[in-house]
Amino acid sequence: MDKIREVTVFTNGDSNNISTWSNVPFFLTETLISRGIKVNRVDLSPSPVLNKLYSKTWERIIRIIYKNTTYTYFRSLVHFLHARLRIKNAVRAHTNSQLNIFLTFSFSSTGLTKTPAILFCDWTYEHYINYRKNRKPDIFERRCIKREDSQIEGSNLILPLFPGVTEYMKERYKNKNIVHLGNVINSLHPVTTSQILEKKPKSNSLLFIGNEKYAEGAKCLIQAFHRLKKDYPDLSLDIIGLNESDFGSDFGDQLNEGVNCHGYLDKGKENERKLYYSLLQDAKVFVNTTPKWGAFSATLEAMYFYTPVIVTPYKEFVETFGMKIEFGCYCEDNSLDFLCANIKKILDHPSYSTLCINAHESVKDFTWGEYIENMLKTIKEKL
């Protein structure tokens with residue numbers, strides 16, 4: 001392919017908004033623009049009116065039949081057809097675009113134009129249900145998976161964020177252009193090495209980042225915090241992504257002095273962004289031992305800010321960093337005793353600063369600039 005001058009980027013949400021999908025659309029589009037490439041932004045997010053109507057009618061009926069379904073309006077045939085219409089209109093509007101880049105595996109411009117379609121995402125819907133939900137998809141989910149499969153098979157280049165997902169997709173699909181280019185750090189804040197390395201050893205703060213999906217890991221950490229407090233009276237715990245109300249009334253008595261629930265911190269708001277990065281820079285150790293998945297993106301960002309980490313050895317983390325890590329500990333399970341022992345190991349580590357440096361060194365090349373360079377190079381080679 002000749003030099004890329006113009007692309008159209010399709011996202012589920014506004015790619016101008018840094019809060020959209022863990023900041024990924026914002027960083028991807030802004031990095032493309034910084035390379036002198038014109039970016040046409042197209043938002044494929046569901047219609048609020050249709051979404052509300054669907055959730056109050058058909059979705060309620062489906063949930064009576066399949067209580068644990070993940071099938072929503074976003075996954076429906078109605079939204080799929082509506083999205084395809086919007087893609088068709090965008091293709092007609094941007095005739096000079098050399099690439100259509102989709103930040104999803106659910107939609108593509110395949111069959112609508114000869115312009116190459118690139119799909120960039122974390123995992124497929126089928127993988128999410130099988131691995132994260134640990135069950136087989138229901139009949140409605142299967143229909144959506146079939147639609148998604150057709151979009152993946154018909155696209156020109158597939159770029160999964162994770163190595164394990166890449167191997168899974170290579171086995172599942174006939175499409176030969178499935179490539180893993182690495183991962184990325186979604187950080188807006190510059191790293192000041194000397195200042196951070198001076199702060200970290202003096203810190204007494206445990207840091208957890210994760211929403212309600214990671215509540216199991218947060219609860220175990222809170223219990224570990226209270227046990228450790230007896231030996232480390234100055235210890236504190238900061239929780240980003242969860243409010244006190246997310247833990248329920250039966251857990252409320254454990255959210256006493258020393259536990260600070262900050263809720264969701266929006267990087268698009270200056271005061272919340274400053275607090276977020278302040279907590280990252282001041283943290284002694286990052287902990288999220290939720291089984292199967294431990295907030296990968298937040299973990300990378302913590303490591304970038306020289307923070308040792310404690311996570312479970314979930315597949316994608318191990319695939320990326322190996323079973324032996326020199327920047328923290330793996331918690332084989334979410335047991336309280338094991339977690340306390342691992343936290344103490346970090347707090348009392350004789351070469352704590354080395355752990356901090358190792359954490360940063362392990363991810364320092366996961367920049368958006370590096371990723372986009374590899375993406376553009378791969379596009380020229382494959383297309």
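This is a predicted model: local features need pLDDT of at least 70, side-chain atom pairs count only at pLDDT 80 or more; totals for chains, interfaces and linings use all residues.
A few ground rules come before the details. Local features need pLDDT of at least 70 and side-chain atom pairs count only at pLDDT 80 or more, while totals for chains, interfaces and linings use all residues. Numbering starts from 1 along each chain as its sequence is written, and side-chain values use heavy atoms, leaving out hydrogens and water.

**Salt bridges**

Side chains of opposite charge can pair when their charged atoms come close. There are 14 salt bridges in the structure, a salt bridge being a side-chain nitrogen of Lys or Arg within 4 Å of a carboxyl oxygen of Asp or Glu. Here are three of them, with N to O distances:

| Pair | Distance |
|---|---|
| Arginine 75 and glutamate 148 | 3.8 Å |
| Arginine 135 and glutamate 141 | 2.8 Å |
| Aspartate 149 and arginine 172 | 2.7 Å |

Take arginine 75 and glutamate 148, which meet in a salt bridge. Arginine 75 sits in the loop between α3 (58-65) and α4 (77-93) and glutamate 148 in helix α6 (residues 139-154), so this pair ties together parts 73 residues apart in sequence. (Helices are DSSP runs of H or I with at least four residues, strands are runs of E with at least two, and both are numbered from the N terminus.) Both residues, arginine 75 and glutamate 148, are buried; buried means under 20% relative accessible area, exposed over 50%, and partly exposed in between, with a 1.4 Å probe and protein chains only.

Aspartate 149 is buried at 18%, and arginine 172 is partly exposed at 34%.

Now for the strands. An open sheet of 6 strands runs β8-β7-β6-β9-β10-β11, paired in parallel; two strands pair if DSSP finds at least two bridges between them. β8 (259-263) and β11 (328-330) are at the edges with a single partner strand each, so one side of each has no neighbour in the sheet. From one strand to the next, the twist averages 20 degrees, with axes fitted to C-alpha atoms and angles running from 0 to 180 degrees between N-to-C directions.

Within that sheet, β6 (residues 205-209) and β9 (residues 285-288) pair in parallel over 2 bridges, and leucine 206 has valine 285 in β9 as its bridge partner.
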